[in-house]
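Student: I would like to learn how to read the features of a model like this one. Please take them one at a time.

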Amino acid sequence: MSHSNWKRLWLGLLGTGLGLGLAAPAMADWALNMPRGATAISNEVYDLHMLILGICCLIAIVVFGVMIVSIFLHRKSRGVEPAQFHHSTKAEIIWTVIPILILVGMAVPAAETLVRMEDTRNADITVKVTGYQWKWRYDYLDDEIGFYSTLDRASNAARRLNSGIQPAGVDNYLLDVDNPLVLPVGRKIEFLITADDVIHSWWVPDFGWKRDAIPGFVNQAWTLIEEPGTYRGQCAELCGKDHGFLPIVVNAVTEEEYAAWVSTQVASAEDQQDENQRLWTRAELMQHGQG
Ligand code: CU
């Protein structure tokens with residue numbers, strides 16, 4: 001490469017670095033690490049992630065340190081003669097036993113968390129989650145409440161080509177739904193996750209897990225949310241052309257708010273049922289048809 005080409009390359013790299021550096025503060029929730037999440041399990045997952053990342057970094061420092069020091073101290077210009085041995089049982093035992101111990105040390109705490117994650121027994125509330133192209137359905141099995149949850153109208157309008165609506169102007173663009181899943185805090189919620197057409201995956205990062213929603217299978221998961229709030233997620237399994245428009249919103253509310261929400265949902269479902277079973281008069285039907 002000629003001198004001027006090198007200069008251009010370095011200037012280009014410098015410019016890119018500066019650009020990224022200046023752009024970083026503009027990205028509101030720019031974060032490198034995983035979120036801690038909103039549940040005890042998600043915190044355990046985070047701690048495991050940090051522990052294992054630490055172990056990996058330590059191994060990298062030790063291995064690369066030994067390599068760099070060895071290369072430096074035993075370089076040819078110092079007149080070092082290379083060793084000539086071909087086999088060392090001692091070395092092989094050491095480099096087998098140490099990694100096994102490290103792996104077992106990582107597997108024990110990870111398995112403990114996995115066992116807790118899979119333990120869906122003694123749940124207070126069970127919600128069946130069904131994935132569709134492209135909506136979620138939530139059925140509260142204890143209360144006979146069920147509804148669909150789809151992308152909110154504002155995002156849906158803005159996502160269309162030539163809609164004239166700027167996505168930047170839409171709050172929580174592609175991350176909002178019409179009917180969020182409402183759950184109480186402090187209660188163990190069991191999820192039964194399935195799908196009706198193709199494979200989807202139900203994922204709320206703050207809960208610390210995701211579960212595939214597979215037609216013909218029921219996958220189990222559970223959560224216990226500690227703080228009231230809005231927790232957002234998305235479908236995490238490519239499920240067709242609108243996969244990117246399949247958000248999840250969980251509204252975590254207090255126990256009292258949840259009870260009030262359940263009773264309004266049940267009442268409106270009963271109203272709807274009464275309405276469906278009512279015999280319509282001819283005049284009413286004609287008026288309805290006109291409408
Ligand atoms: Cu999907």
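The dialogue below goes from the overall form to single residues.

Student: What kind of model is this, and how are residues numbered?

Tutor: This is a predicted model, in which local features need pLDDT of at least 70 and side-chain atom pairs count only at pLDDT 80 or more, while totals for chains, interfaces and linings use all residues. Residues are numbered from 1 along each chain as its sequence is written, and side-chain values use heavy atoms, with hydrogens and water left out.

Student: How many helices and strands are in the chain?

Tutor: Helices (H or I, at least four residues) and strands (E, at least two) are DSSP runs, numbered from the N terminus. The chain has 6 helices and 10 strands.

Student: What radius of gyration does the chain have, and what would a compact globule of 291 residues have?

Tutor: The radius is taken over C-alpha atoms, and the globule rule is 2.2 Å times the number of residues to the power 0.38. For a compact globule of 291 residues the value would be near 19 Å, but the chain has 28 Å. Along the principal axes, the C-alpha atoms fill a box of roughly 105 × 55 × 35 Å.

Student: What share of the residues count as buried?

Tutor: Buried means under 20% relative accessible area, exposed over 50%, and partly exposed in between, with a 1.4 Å probe and protein chains only. By that rule 25% of the 291 residues count as buried.

Student: How do I read the aromatic pairs, and how many does the structure hold?

Tutor: Rings of Phe, Tyr and Trp (its six-membered ring) pair if their centres lie within 6.5 Å; planes under 30 degrees apart count as stacked, over 60 as edge-to-face and the rest as tilted. The structure holds 13 such pairs. One of them joins Phe147 and Trp261 edge-to-face, with 6.1 Å centre to centre and 80° between the planes. This pair links distant parts of the chain, with Phe147 in strand 3 (residues 145-149) and Trp261 in helix 5 (residues 255-277), 114 residues apart. Phe147 and Trp261 are both buried. Another pair, Trp202 with Trp209, is tilted, at 5.8 Å centre to centre and 35° between the planes.

Student: Why does Trp209 count as buried?

Tutor: Trp209 counts as buried because its relative accessibility is 7%. For Trp202, also buried, the relative accessible area is 0%. Ring pairs link both tryptophans into a cluster whose members include Tyr138, Phe191, Tyr231 and Tyr258.

Student: Which ring does the charged end of Arg75 sit over?

Tutor: A charge sits over a ring if NZ of Lys or CZ of Arg is within 6 Å of the ring centre and within 35 degrees of the ring normal. The charged end of Arg75 sits over the ring of Phe72, 4.5 Å from its centre. Arg137 lies over the face of Tyr148, at 4.7 Å from the ring centre.

Student: Which atoms coordinate the copper ion?

Tutor: Donors are N, O and S atoms within 2.8 Å of the metal (3.2 Å for Na, K and Ca); water is not among the atoms, so sites may look incomplete. Here the copper ion is coordinated by Cys235 (SG), Glu237 (O), Cys239 (SG) and His243 (ND1), at 2.0 to 2.4 Å. The donor residues follow the spacing C-x1-E-x1-C-x3-H in sequence.

Student: What is the geometry of the copper site?

Tutor: Four donors count as tetrahedral if all angles lie between 85 and 135 degrees. The angles among the 4 donor atoms of the copper ion are 89 to 123°, and the site is tetrahedral. Both Cys235 and Cys239 are buried.

Student: How many disulfides are there?

Tutor: A disulfide is a covalent bond between the sulfur atoms of two cysteines. The criterion is a pair of cysteine sulfur atoms within 2.5 Å. By this rule the count is 0. Cys57, for instance, is in no disulfide, and the nearest cysteine sulfur, that of Cys56, is 6.9 Å away.

Student: Where in the backbone is there a cis peptide bond?

Tutor: The peptide bond from Gln133 to Trp134 is cis, with omega near -5°. Trp134 is in the loop between strand 1 (125-132) and strand 2 (135-140).

Student: Is Asn162, with its positive phi, buried or exposed?

Tutor: Phi of Asn162 is near 60°, a positive value in a residue other than glycine. Asn162 counts as exposed because its relative accessibility is 78%.

Methods. Tetrahedral: all angles 85-135°; square planar, octahedral: opposite > 155°, others 65-115°.
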